[in-house]
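The sequence and the model come next.

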Amino acid sequence: MKFSIPALATFFFCQLATKVIPAVADVCAPDALEFSETIAVAVEKIGAVPAINTDAFTYNMAVMDNFTGETIFFLDQKNGVIYSFNTVTSDIKTIFDIQTSIIPDGLTLDWSIAVGSSQTYRVKAMTQGSSSDEVIVVFTSETLPTGWSEPDAKLPPPGAYGQWICREGEKAWVADIYRPGTLPDCSDMVWPTFTGYDAFYKYTMVNGELTDPIPFFVSESAVLPGHLGSGIATTIHHKEKILWSTGDCTLFGIDGAYAPQLDHESCGKILLIDTKSRGKFDIVAKGVRNSQQMRIFTGEDSTRTVRKRRLPSGHNKTRRLKMGKKDKFLAFTDIGGVTAEEVNAVPLKDILDLSEIENFGWGRNIYDGKAREGTFYVTPGNAGVLGTEPACAESAPIGETGFIQPWIQFGRSATDAFYAISSLAVPTAGTDNLQLLWSEFNTGNILGTDEMFVEGAPPATGYKIHIYDADDGVYLTNGLNDLVQKELGDVGYYRGDPRLFHFPDGHAGVFIERTGTFYKISEMKYEG
């Protein structure tokens with residue numbers, strides 16, 4: 001989520017206020033991230049797509065890289081525009097624009113209700129189709145596509161989940177947290193909301209153009225200041241099937257309620273959608289709060305020492321951990337509440353095994369009454385309260401049976417004004433040590449770990465990574481936010497909302513939403 005400057009100020013004021021209770025902060029927070037003493041990266045400008053909105057918090061853009069071939073797609077999600085970038089010729093082309101392109105029958109993409117920029121997804125996501133010339137495009141529409149009388153995946157039933165929201169002393173009752181209407185004045189975000197529909201289409205690419213849209217799936221979506229998902233990937237061996245993160249479909253400030261842990265509800269889930277069979281899907285993962293990016297990657301042999309203090313009781317101090325070079329894994333970001341931002345990973349074969357639904361912990365579990373965020377339990381929280389809810393309750397045991405814990409997790413600290421995880425990259429070129437990179441909306445930091453994913457291991461150690469501009473060798477004191485100033489000039493506030501991605505050659509890249517500019521990332525030795 002990307003909110004206004006006043007809302008962001010509220011968020012960080014509340015975060016800093018909680019630091020006056022060090023006993024709680026020490027127990028109920030991930031380890032603070034330090035800068036790596038040996039690793040840095042250089043960012044090389046490659047190009048830029050048009051950025052229609054460049055004022056702070058007025059944009060919503062993304063990059064889609066889960067494709068075969070040489071093309072990357074950039075989405076202006078707010079304005080409903082798709083750009084293609086050919087990595088061989090460097091040609092940039094507008095291939096869809098809701099102002100000029102033919103809109104699929106039945107869809108309403110020029111919404112009648114104005115919501116915040118970060119909740120506006122007229123074009124929401126893309127991924128590879130079942131053949132080299134087929135792509136999947138997801139739109140968020142105010143109406144159902146022609147031929148659908150109801151969505152295939154639905155929100156919880158109307159009125160099934162109501163609750164009091166806002167802070168103590170100014171509570172307001174919301175009868176349906178998935179259909180709250182205009183939020184009450186006591187909420188930190190007083191925005192209108194509505195029920196939308198994520199509509200999935202297969203397009204055929206002909207001479208770089210989108211042709212012949214065929215709808216195959218519709219997921220009901222709560223368009224509100226909360227967790228709208230959009231993580232997407234095409235499975236490797238079954239290209240007719242795609243993975244999709246729904247988000248938990250409800251407001252910020254709470255633990256996700258019960259739906260993410262209930263196997264019959266689609267909110268808070270990863271769906272496996274069959275692109276060849278209209279309306280067919282399976283729930284393959286639960287307890288996922290708000291994943292906006294997925295990546296399928298291949299493992300390599302790995303050995304690492306795990307620090308004793310992080311191991312569950314009964315484990316040895318050192319253990320040899322391996323994964324096969326040809327094993328496939330799904331990695332995905334998961335935006336947290338106020339406790340832990342995550343990158344999760346799981347063997348792809350486990351996700352595709354329909355006999356068991358993998359559980360990543362978010363939402364209130366009806367069997368033990370706990371809700372999980374990273375390696376922590378969280379309180380029920382208060383919807384509409386930004387920055388402090390849901391609060392951390394206590395640490396969960398490392399290696400907790402029945403739940404998959406993160407590859408990495410991080411949180412806010414007295415020195416790091418992190419807002420939320422914004423993206424990940426698992427590079428296969430341009431790095432010597434870094435196994436995983438991730439980014440964060442607010443600070444301009446690139447973060448990383450040199451520890452490979454190991455199934456069942458505790459969260460890996462992460463670092464802040466020093467960043468240099470490859471054009472002139474200048475150290476970026478404010479990280480990627482310095483590149484916003486370089487592109488826009490002296491505009492006073494330079495948060496850029498970076499989105500990491502993968503070039504076809506395996507290099508990591510980073511796209512700056514606010515400027516439309518994208519860069520290639522290469523690891524270098526940090527000399528101090």
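A disulfide here is a pair of cysteine sulfur atoms within 2.5 Å. The model is a predicted one, in which local features need pLDDT of at least 70 and side-chain atom pairs count only at pLDDT 80 or more, while totals for chains, interfaces and linings use all residues. Residues are numbered from 1 along each chain as its sequence is written, and side-chain values use heavy atoms, with hydrogens and water left out.

**Terms**

- Buried stands for under 20% relative accessible area, exposed for over 50%, and partly exposed for values in between (1.4 Å probe, protein chains only).
- Helices (H or I, at least four residues) and strands (E, at least two) are DSSP runs numbered from the N terminus.
- Strands count as paired if DSSP finds at least two bridges between them.

**Disulfide C28 and C392**

- The sulfur atoms of C28 and C392 are 2.2 Å apart.
- The torsion about their S-S bond is about -70 degrees, so this disulfide is left-handed.
- C28 sits in the loop between α2 (22-27) and β1 (34-48) and C392 in strand β22 (residues 392-395), so the bond ties together parts 364 residues apart in sequence.
- Both C28 and C392 are buried.

**Disulfide C166 and C186**

- C166 and C186 are bonded, with 2.0 Å between their sulfur atoms.
- The link of C166 and C186 has 70 degrees about the S-S bond and is right-handed.
- It links distant parts of the chain, 20 residues apart: C166 is in the loop between β8 (163-165) and β9 (172-174), and C186 is in the loop between β9 and β10 (194-206).
- C166 has a relative accessible area of 0%, so it is buried; C186, at 14%, is buried too.

**Disulfide C249 and C267**

- The sulfur atoms of C249 and C267 lie 2.3 Å apart.
- At -105 degrees about the S-S bond, the link of C249 and C267 is left-handed.
- C249 is buried at 4% relative accessibility, and C267 is buried at 1%.

- Five of the six residues of strand β4 (residues 81-86) are buried.
- Strand β3 (residues 71-76) runs antiparallel to β4 and is joined to it by six bridges; L75 has I82 in β4 as its bridge partner.
- Four residues separate β3 and β4 in their hairpin, and G80 in the turn has a positive phi of about 70 degrees.
- β4 also pairs with strand β5 (residues 92-97), antiparallel and over five bridges, with Y83 opposite T94 in β5.
- The hairpin of β4 and β5 has five residues between the strands, and S90 in its turn has a positive phi of about 65 degrees.
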